[in-house]
Amino acid sequence: MSTQIEKPAGRVSVQHETTGLSQCLKRKERDSDPDDMGKAVPSLKRFRRDDAQCDLTLRVQGTDFRAHKCVIMANSDYFYSMFTHPLKESAETVVELQGLDSDTFETLFDFMYTSDLTLTEETLQNFLSASTYLQIPKALEKCSDFLERSMDALTCAETLVTAGNHGLTSLEMIATEFLAKNFIIATESLSFLYLSPKQILTLLDSDYTFVCAELDIFEATVRWFRHDFEQRAKYVGKIMKKIRFGLISVVDIEEEVVPVSKEFENREFSKLVADARAWHSRKFEQSVSDKVNSTARVSPYMTLVSGMIDSNQDSSLAIRMCRAPWKRRHRWEPVGTTPKNFGKAAVACAVVGDFLYVVGFPKRFLASQSEIHDDVNWFMRYDPRQEEWLKLRKLNYKHSGMKLTSVGDKLYASGSSDVNIVECYLIRTNRWVDAFELPHKQFLHAAESHGGKLYIAGGIFVEDAGSTACDDLLRFDPTTKELATLKPMGTPRFGHSVVSHGCKLYSFGGTTYHPEVAWGFAESSECYDIKDDTWTTLPSMPTPRGFSGVAVLGDLIYVVGGTCDGFGKTSVEVYDVNTNKWEKRAMIQRRLYYLGLVMLRHPFKKFKNP
C-alpha cells in the first residue's frame, strides 16, 4: 500500500514548518549526543547500502528510495511524527512525497545516513526548503552555518529574511546584530524592505551597537513602512516607539520627523513627536526625564575630560575630551571640545542619563574664598548627542579639592577647606540646596555612590589646630537624611580614588603616612565590603600615585594618570577584580593628574555627503 503526502504550499507552510522545527530542535538537543552520532556514521553508511533490512519506501517524483524507518525517524521530526502517531501513514510501507525535487531529496536522504552535505549558493535554497519541510535539524544547522560564513554587509538583510522564514533562530539573532553594526550598507539592500514587522521590532528594541546615527535608523524605518504601507500601517505606533528621538536634534525633528508623522497620520506617532519636542525644549530636565529615550546605541567609553599637567602650570588638557582606545587602536581619541575656562580650573565630573556634568574649582586646593573667581567657579553640562555645552546655576558655596557625585536623579558636591556643607543639585529645577553637614571641614577626599547612597572616604580634615589626613568612611542616605559613620579605612589617606563594583568599594593610591619618609604617595589599595562593613588589603598598584582618575569597565577597574612628584603621569593600570591582579594598558598621550574620568556614551553622527 502507498500513501501520497502533499507538501503544503505558500506562506502558511513555512509557518507550520517553523513551529514543527522548533519542537524538533528542542527534542534533538535533549535526546542526541553529537559524539555518539559521529561514531555511528560509518555503520550507517554500510547500513544504507544494505537493502535487505529496509522496511520503507519513499517515493519522490517517481523515484523510489528504500529506507529504514528507524534512521529517518531519528533524523527527521516530520517522519518521527508520521510514524509515532495513530495516523494511517504509520502503517504504510510506501510513502509518496509531493512537492519535493528528487535530486534534492536524494542528497538529504544520503545525509541522514552519512552526515555529508555539500552546499553552494545555487543549491542552498532548495536544501533549506526541503530541510525545513522535512524538519531535519542537522541539515538546517549545515545551511545555517553556510549562511553565517557567507554573510556580509550587503547580504545580512537577505540572510535575516531567510533565517526568519525557515525558523533558524540562532542565525536570525546573529544576522540581526550583524545588520545593526553594518546598518547603512545593509539597509540599502532590497531585502531590508522585506523584513517582517517582528524582525524590525527586534532590531530596534535590541541593545546592539548601531554604527550610524539615530536619524539614519529613522529614515530606514520610514522606507520600510512605505514599501508596503497598507499592510504595515497598523505597526506604526508600536515600531516608532523604538526610535530614540532624544538622539535626533531638534532641527531634524522639525525638518525630517514632523513631516513623516503628518504623512502617516498615526496618533501614537504624533504623541511621540510631541513628547520629543517638549523634551528638547526642557533642557535642564533632559537627563532625568523618562518621556523620551535618549540612550545612545553604543557602549559607554572611558572618557577623559580634563586634567592638570603639573603643579606650577596654569594650562591643562582642556582643548578636547578623549575616549579610551578600542579594538586594536592604542591612542586615546578626541571626541569633543571643552570651553576655554576649563584651562584655568580643576574639574570634578559626574554622569546622569548619559549627560556629563562638570564643576570647576581652583587648582590650588587651599585657595581662600577671595581667590575663587568666576573663571574657576562654574558648573556646566555636556550633551554628547549634540556636542553642546549648557551653562548651569553655580554652586551656593565656593569649593576646593572637591568631588561631584551622582546619586539617583541628584548630584552632590562635597569638599571645601572653608565650609563643611555638602550641596545637592536638583536637576529638574536647576537649583542647589544644602543637603547635610560633614563632621569637619573636609577636602581632597573620595566620594562614590552605591545603592542610592553617598559614600565619602578619607581626605583632609581642617581644624583650628591644623589639617590632618583622615581614615573616616561616611554614608549619607538621601531618603532618611541620615549620616552614618562606618568602619574606617586601614590607612588615613587623601588624593585617593574610590569606585564601586558589585557590593564593594575599591580605594586606590593617594597620599599616606610612612614612618620613615613621613607623607608620601601610596601604592596601597583597599577594598570595603558594604554588606559586612569590613576592609581588606588588595595587591599594591604597580605605580605609586595619587590624584588619579578611576573607572569601571566590566570586571576591570582602570586607574588612569595621577602624580607622585607634582607632575602628571601617563600610566594606565588595570585591576581585575576576579584574578586580583594588576596589568598595564595603553598610556594616555599627556602627563595628567587630578583628571576628570567618566564612563560616557558617544553616539555616532550622521554621515553627510560632501
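Visitor: Which residues of α9 are buried?

Guide: In this predicted model, the buried residues of α9 are Leu-171, Ala-175, Thr-176, Leu-179 and Ala-180. Buried means that the relative accessible area is under 20%.

Visitor: What covers the buried residues of α9?

Guide: The cover includes the helices α7 (137-150), α8 (156-165), α10 (183-186) and α11 (197-205).

Visitor: How do you know that the span of α9 is close to the expected one?

Guide: Helix α9 covers residues 169-181, which makes 13 residues. The expected span is 1.5 Å times one less than the number of residues.

Visitor: Why is Ile-184 called partly exposed?

Guide: Ile-184, which is found in helix α10, has a relative accessibility of 37%.

Visitor: What does Ile-184 form with Leu-154 and Ile-185?

Guide: Leu-154, Ile-184 and Ile-185 form a nonpolar patch on the surface, and together they have about 270 Å² of accessible area.

Visitor: Why is Thr-221 called buried?

Guide: Its relative accessible area is 3%, and the cut-off for buried is under 20%, so Thr-221 counts as buried. Thr-221 sits in helix α12, residues 214-227. Leaving aside neighbours within four places in sequence, Thr-221 is in contact with Leu-204, Ile-239, Met-240 and Ile-243.

Visitor: What makes Glu-265 exposed or buried?

Guide: The relative accessible area of Glu-265 is 71%. Exposed means over 50%, so Glu-265 is exposed. Glu-265 has its place in the loop between α15 (250-264) and α16 (267-281). Its phi is near 50 degrees, a positive value in a residue other than glycine.

Visitor: And is Tyr-594 buried or exposed?

Guide: Tyr-594 has a relative accessible area of 7%. With the cut-off for buried at under 20%, Tyr-594 is buried. Tyr-594 lies in strand β33, residues 593-600, and has a positive phi near 50 degrees although the residue is not glycine.

Visitor: What makes strand β14 mostly covered?

Guide: In β14, residues 421-426, six of the six residues are buried. Both faces are covered: Ile-421, Glu-423 and Tyr-425 are buried on one side, and Val-422, Cys-424 and Leu-426 on the other.

Visitor: How do you know that β14 pairs with β13 and β15?

Guide: Two strands pair if there are at least two bridges between them. Strand β13 (residues 410-414) and β14 share four bridges in the antiparallel sense, while β14 and strand β15 (residues 431-437) share six, also antiparallel. Tyr-425 of β14 stands opposite Leu-411, and Tyr-425 also stands opposite Trp-432 in β15. In the hairpin of β14 and β15, with four residues between the strands, Asn-430 takes a positive phi near 55 degrees.

Visitor: Why is the contact of Glu-254 with Arg-277 called a salt bridge?

Guide: The rule asks for a side-chain nitrogen of Lys or Arg within 4 Å of a carboxyl oxygen of Asp or Glu. For Glu-254 and Arg-277 the closest N and O atoms are 2.8 Å apart. Glu-254 lies in helix α15 and Arg-277 in helix α16, so the pair ties together parts that are 23 residues apart in sequence. Side chains of opposite charge can pair when their charged atoms come close.

Visitor: How do you know that Glu-387 and Lys-605 form a salt bridge?

Guide: Their N to O distance is 3.9 Å, and the limit is within 4 Å, so the side chains of Glu-387 and Lys-605 meet the rule. Glu-387 is partly exposed, with a relative accessible area of 45%, and Lys-605 is partly exposed at 40%.

Visitor: Which residue forms a salt bridge with Glu-526?

Guide: Arg-493 does, with the closest N and O atoms 2.9 Å apart. Glu-526 lies in strand β27 and Arg-493 in the loop between β22 and β23, so this pair ties together parts that are 33 residues apart in sequence. Both Glu-526 and Arg-493 are buried.

Visitor: How many salt bridges does the count come to?

Guide: By this rule the count is 16 salt bridges.

How values were computed. Residues are numbered from 1 along each chain as its sequence is written. This is a predicted model: local features need pLDDT of at least 70, side-chain atom pairs count only at pLDDT 80 or more; totals for chains, interfaces and linings use all residues. Side-chain values use heavy atoms; hydrogens and water are left out. Helices (H or I, at least four residues) and strands (E, at least two) are DSSP runs, numbered from the N terminus. Buried means under 20% relative accessible area, exposed over 50%, partly exposed in between (1.4 Å probe, protein chains only). Contact means heavy atoms within 4.5 Å. Patches are made of residues with over 30% relative accessible area and no salt bridge: like charges are joined within 9 Å, nonpolar side chains (Val, Leu, Ile, Met, Phe, Trp, Tyr) within 5 Å. Accessible areas come from the Shrake-Rupley method with a 1.4 Å probe; for residues, only the protein chains shown count as cover.
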